[in-house]
Amino acid sequence: MTHPTRRTMLRGTAALAAAGVTIQAAGAACAKGPRTGDGPDVGILLYDGYSLLDPAGPAEILARVPNASVTMIAEQRGPVRTDTGGVAIVADRSISEIDRLDVLLVPGAGNRGTIGAAANQQLLQWIRRINEHTRWTTSVCTGSIILARAGLLDGHRATTYWASAEYLESTFDVTYVPERYVHSGKFITAAGVSAGLDMALYLASQLTDEPTAKAIQLALEYDPQPPFDAGNAAKADPEFRKHALALLENSQV
């Protein structure tokens, strides 16, 4: 029996696409909200202007937790666009349909998205209500600012995107910690964008155990070896930081 390789599978997909056939994953074709079962119900909040990797990276990891259910949630069902405007993720459920989760994840965004979400009282009220029953409430990047605006991080240690650290600590009763992720009570906050992957692996270990989380890391081949040692803001001079922020701002809509 011949087993299909990734290459032959991709060829077949390309041929179907050329013929005008649309392929949907089973979960996308029959979207369902959080379910009751052995695994955790994970809800990832989407809002206009979020950063793509913030929800997508953790979703890739948390979906591998045995029996987990991962659902994208927004104010309304349907596609929700990222900060660059060119990509969207589909929210399978609206916030009115979800009243309880084991895990809530709030992604971060650029200025427009963060300010908009932090000023959205409907979203903040929903976050507070969901947090009453979560086992874990988590964030990536400036998602911690949204959690803080909801009043959930008072008295806690937390992290956020490096350029937002001063704002987080000076505006809220939060102690900023410059780490990739910070665990404080039932809250786990991650630093900017890519740190959500590290946070999600740590969360996976808390939902299961360390061997399972390590196996997920191996399954996804998460072995970061970037070509440059340029990702730590503490090592960057002011001009380089300014250049990095300008690149972000210029890419956002």
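Where is Q252 found? I looked there to begin with. Q252 sits in the segment after α10, the helix of residues 238–251. I note that the model is predicted.

**Entry: Q252**

I checked the accessibility of Q252. The value is 24%, so I log Q252 as partly exposed. I then listed its partners, leaving out residues up to four places away in sequence. Q252 touches D83, T84, G110 and N111. With D83 there is also a polar contact, side chain to side chain, at 3.4 Å. Q252 and A109 are 143 residues apart in sequence, yet their C-alpha atoms are 9.7 Å apart in space.

**Entry: the whole protein**

I stepped back to the totals. I count 10 helices and 11 strands in the protein. The protein has 253 residues, and 43% of them are buried.

**Entry: T137**

Next I went to strand β7, residues 136–140, which holds T137. Is T137 buried or exposed? Its relative accessible area is 0%, and the cut-off for buried is under 20%, so T137 is buried. What does the side chain of T137 join in a polar contact? I find the side chain of N131, at 2.7 Å.

I looked up backbone angles next. Most residues other than glycine have a negative phi.

C141 has a phi near 60° and is not a glycine. I place C141 in the loop between β7 and α6, the latter being residues 143–149. At a relative accessible area of 3%, C141 is buried.

E221 has a positive phi of about 50°, and E221 is not a glycine either. I find E221 in the loop between α9 and α10. Is E221 buried or exposed? The relative accessibility is 69%, and exposed means over 50%, so E221 counts as exposed. I write the pair down together: C141 is buried, whereas E221 is exposed.

**Entry: F172**

I moved to the loop between α7 (165–171) and β9 (174–176), where F172 lies. F172 is buried, with a relative accessible area of 11%. Which residues does F172 touch, not counting those up to four places away in sequence? I list I145, A148, R149 and Y167. I also took the C-alpha distance from F172 to G155. They are 17 residues apart in sequence and 8.9 Å apart in space.

**Entry: α8 and α9**

Last, I examined a helix pair. Helix α8 covers residues 195–207, and helix α9 covers residues 210–219. Their axes come within 7 Å and cross at roughly 145°. I record the crossing of α8 past α9 as right-handed. Which residues make the contact? From α8 I find L201, A204 and S205, and from α9 I find E210, A213, I216 and Q217. By class, I log four nonpolar, two polar and one charged residues in this contact.

Methods. Residues numbered from 1 in each chain as written. Predicted model: local features only at pLDDT ≥ 70, side-chain atom pairs only at ≥ 80, totals over all residues. Heavy atoms only, no water. Axes fitted to C-alpha atoms, helices over the stretch in contact; angles between N-to-C directions. Helix = DSSP H or I, 4+ residues; strand = E, 2+ residues; numbered from the N terminus. Left-handed = near helix turned anticlockwise from the far one by under 90°. Contact = heavy atoms within 4.5 Å. Nonpolar A, V, L, I, M, F, W, Y, C, P; charged D, E, K, R; others polar. Buried < 20%, exposed > 50% of the residue type's maximum accessible area, 1.4 Å probe, protein only. Polar contact = N/O pair within 3.5 Å; in protein donor to acceptor, adjacent residues only side chain to side chain.
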